[in-house]
Every structure is written in structure tokens, then in C-alpha cells.
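This report walks through one protein model for a reader who is meeting it for the first time. Please keep the sequence and the structure in view while reading.

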Amino acid sequence: MRGTKRARIRMARLRGLLMGLLALVTAATATACANEGGRPRIVVTTNILGDIAREIVGEEADVTVLMKPNADPHSFGLSAVEAAELERADLVVFNGLGLEENVLRHVDAARESGVATFEAGRAVDPLTFRASDDGGPDEEEGRPDPHFWTDPDRVRKAAGLIADQVIEHVDGVNEAAIRANADHYEKSLADLTTWMEKSFDHIPEDKRALVTNHHVFGYLAERFGFRVIGAVIPSGTTLASPSSSDLRSLTRAMEKAGVRTVFADSSRPARLAEVLRAELGAQVQVVGLHSESLTAKGEGADTYLRMMRANTTAMTDGLTAGATGD
């Protein structure tokens, strides 16, 4: 009797184990089928590139943007769920050139698992960091500058390349629709460049001098004829910190150039103003810009086009006010 009872228990355990394995196989099969039959997926790291990708993709695929509004691309990170999104994508679009410092290892992992990836910054003829009038950034000089989006012409090139990548790597999209979206968006970018040129024409040549919170506007300076005087943080990343000698070098360069306007990321202008006023006195004007992130919807810079127009207006107003004595 005891042997029969033990046999029944073993059989019950075996049936339970088999049922569990069957459930796992069924779930895995259902997930695989759902992935095969679902909409194509594109994952984009930064919200600036995410907006550009959505303009090009339209309704042809789902676009997931990892970086939240008003975030810092140099320091934002991913949850385990967000990291897994990269490896399930049909295409990953990232800025690269060292910008997304906490995310690039996840992009590398996705690439190693067979996911197609596109590094936009490296594909648009990147500039390298160069010494500004205050002598910085010493550590970054000669390295690629990732902030290419401050030049709308390079964004136009990136938009066309993203369209090519989507068509090549994402199955199930309508090529004609992607091309039409890209053509329409590239026209909007060309119009943006023309409008920026006309706006900056109001700034006298001797006032086209930029001081920023960190080195972020090198592409804009080259494209539209500005001089980069220096930065409070003499680096291409916000993760660095200014030293006393950095601030002294910057203030000397500002005094020599007659510059009293500093452009800072809109999330940190008050802190920057305090630092600079301690060095230069109350005459310093700190103007907030949306330099590295889009805002939430309705906050004035929730698309790339609106961000660039808002920044152009703020820069023009800030530099012409000094020229007219306002």
C-alpha cells in the first residue's frame, strides 16, 4: 500500500512538472507569435532624435523614446524594462559620440544581440571640440562633439539617413510613406535654417560671442558665424564641474571680449547666475536655453523645430539687448 501511495505522489508531481513546462512553452510561443505579428518597433535614445524619428516614421511603426522631457542626455539612465526594449527593437537610433554616457553599453548589447543600430552623430560629419577664447576645453579638445543638432543642416542630413535606415532594417513599413514624410520634414528644416539666418542677421558682428554653461553650441557657432568665448564648465559634458581657475579664465575672456550675456540650459540658469555674479558682479545676464532636451508638451520646446526657434529668439534678444544698451 505504501509503495502504491508513493507511486501516486510521484505521478502527481510528474504531471505538475509537465503541465508547468507546457505552460512555459505555450507562453513563449504566444510571445514569439505576438512579436512576429505585431507592429515594427524603433527605439530612440534621446528625445530630440525621438522627435525627428517620429516625424519621419509617422504611422508606419511604433517609436519608443527612452529619454524623458527636460532630462540631461549625459546622465539619464534606463530601467531593466527600458534596457530590454533595445534588444526587442527592429532598429535602435542613438546620438552617439559619447553623449548618452549611461546608455551606450545597452546600445552595444542590443547590437551584439543582432539588432540594427544607427549612430546619427557619427554619420553627419561631426566636428571636434576645439579650444575657445578662455583656453578650454583642455580635456575634450580634439574629441568628437556630439551636439550636432544645434546645426539644422546636419539634422536635415540625419533625417534623410534615418529614413534610409528605417527602410533598410524595419520590415513592414511603406517606403513611399517614409520618403514622403522625410521630404516634408527636410523642407521644414530648410525653412528653419533660413529663418535662423535672418534672425541672427540682427546681431552685430562684434556681438556674436557665445558663453554657455558647457560646450554645446559649437555646431551652431560654425554654421551661423559666432565666436565661442568659453563655458562655465569647460567640457562637452554636464557631468564635469568648474574649478576656480576655470572660472577665472572664463571671466578674463568675457571681460576682454566685452561679453555680459551667458546662455545656460533652462533647467539650471539660477545656479549659474549665482556663480557668475560672484565673479563678474551684477551686470551678468543669464539667458535660459533648451540646449540638450525637449520640454514636456506645451512648455515651449516640445519639438525640435520649436526648440530651435525658441533658442534662436532668446539668443537674438539676449545679444541685441547688449548691443542697444537695453
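A residue is called buried when its relative accessible area is under 20%, exposed when that area is over 50%, and partly exposed in between. By that rule Arg208, at 9% relative accessibility, counts as buried, and the words are used in this way throughout the account of this predicted model.

**Overall make-up**

The protein contains ten helices and eight strands, and 46% of its 326 residues are buried. Its accessible surface comes to about 15900 Å², and carbon and sulfur atoms account for 51% of that surface. Of the contacts between residues at least 6 apart in sequence, 64% join residues that are at least 24 apart.

In soluble globular proteins, nonpolar side chains tend to be buried together. Here the largest nonpolar core has 56 residues, and those with the most contacts inside it are Ile42, Ile52, Val166, Leu220, Phe226 and Tyr304. Helix 6, which spans residues 175-200, supplies the largest share of this core, namely seven residues.

Which residues surround Ile42, once its neighbours within four places in sequence are left aside? Ile42 is then in contact with Val57, Ala61, Asp62, Val63, Thr64, Leu91, Val93, Val166 and Val170. Val166, one of these partners, is itself among the residues with the most contacts inside the core, while Asp62 returns below as a member of a salt bridge.

Helix 2, running over residues 47-57, is mostly covered, since nine of its eleven residues are buried. Those buried residues are Asn47, Ile48, Leu49, Gly50, Asp51, Ile52, Ala53, Ile56 and Val57; of these, Ile52 has already been named among the core residues with the most contacts, and Val57 among the contacts of Ile42. Just after helix 2 comes Gly58, which takes a positive phi of about 60°.

**Charged pairs**

Side chains of opposite charge can pair when their charged atoms come close. The structure holds 15 salt bridges, and the table sets out three of them with the distance between nitrogen and oxygen.

| Salt bridge | N to O distance |
|---|---|
| Asp62 and Arg39 | 2.9 Å |
| Arg179 and Asp164 | 2.6 Å |
| Arg208 and Asp201 | 3.8 Å |

The salt bridge between Asp62 and Arg39 links distant parts of the chain, with Asp62 in strand 2 (residues 62-65) and Arg39 in the loop between helix 1 (2-37) and strand 1 (41-44), 23 residues apart. Both partners are partly exposed, Asp62 with a relative accessible area of 34% and Arg39 with one of 41%.

The salt bridge of Arg179 with Asp164 likewise links distant parts of the chain, joining helix 6, where Arg179 lies, to helix 5 (residues 152-169), where Asp164 lies, across 15 residues.

Elsewhere, salt bridges that share partners join Asp125, Asp151, Arg154 and Glu222 into one network.

**Two packed helices**

Two packed helices are described by the angle between their axes and the distance between the axes. For helix 3 (residues 80-87) and helix 4 (residues 104-112), that angle is about 40° and the axes are 8 Å apart, and helix 3 passes helix 4 in a right-handed crossing. On the side of helix 3 the residues that meet the partner are Ala83, Leu86 and Glu87, and on the side of helix 4 they are His106, Val107, Ala109 and Ala110.

**Backbone angles to notice**

Most residues other than glycine have a negative phi. Asn70 has a positive phi of about 65° although it is not a glycine; this residue lies in the loop between strand 2 and helix 3 and, at 43% relative accessibility, counts as partly exposed. Asp125, also not a glycine, has a positive phi of about 60°, and its place is in the loop between strand 4 (116-119) and helix 5.

Definitions and conventions: Residues numbered from 1 in each chain as written. Predicted model: local features only at pLDDT ≥ 70, side-chain atom pairs only at ≥ 80, totals over all residues. Heavy atoms only, no water. Helix = DSSP H or I, 4+ residues; strand = E, 2+ residues; numbered from the N terminus. Buried < 20%, exposed > 50% of the residue type's maximum accessible area, 1.4 Å probe, protein only. Contact = heavy atoms within 4.5 Å. Areas by Shrake-Rupley, 256 points an atom, 1.4 Å probe, with all protein chains shown as cover. Core = buried A, V, L, I, M, F, W, Y, C linked by side-chain atoms within 4.5 Å. Salt bridge = Lys/Arg side-chain N within 4 Å of Asp/Glu carboxyl O. Axes fitted to C-alpha atoms, helices over the stretch in contact; angles between N-to-C directions. Left-handed = near helix turned anticlockwise from the far one by under 90°.
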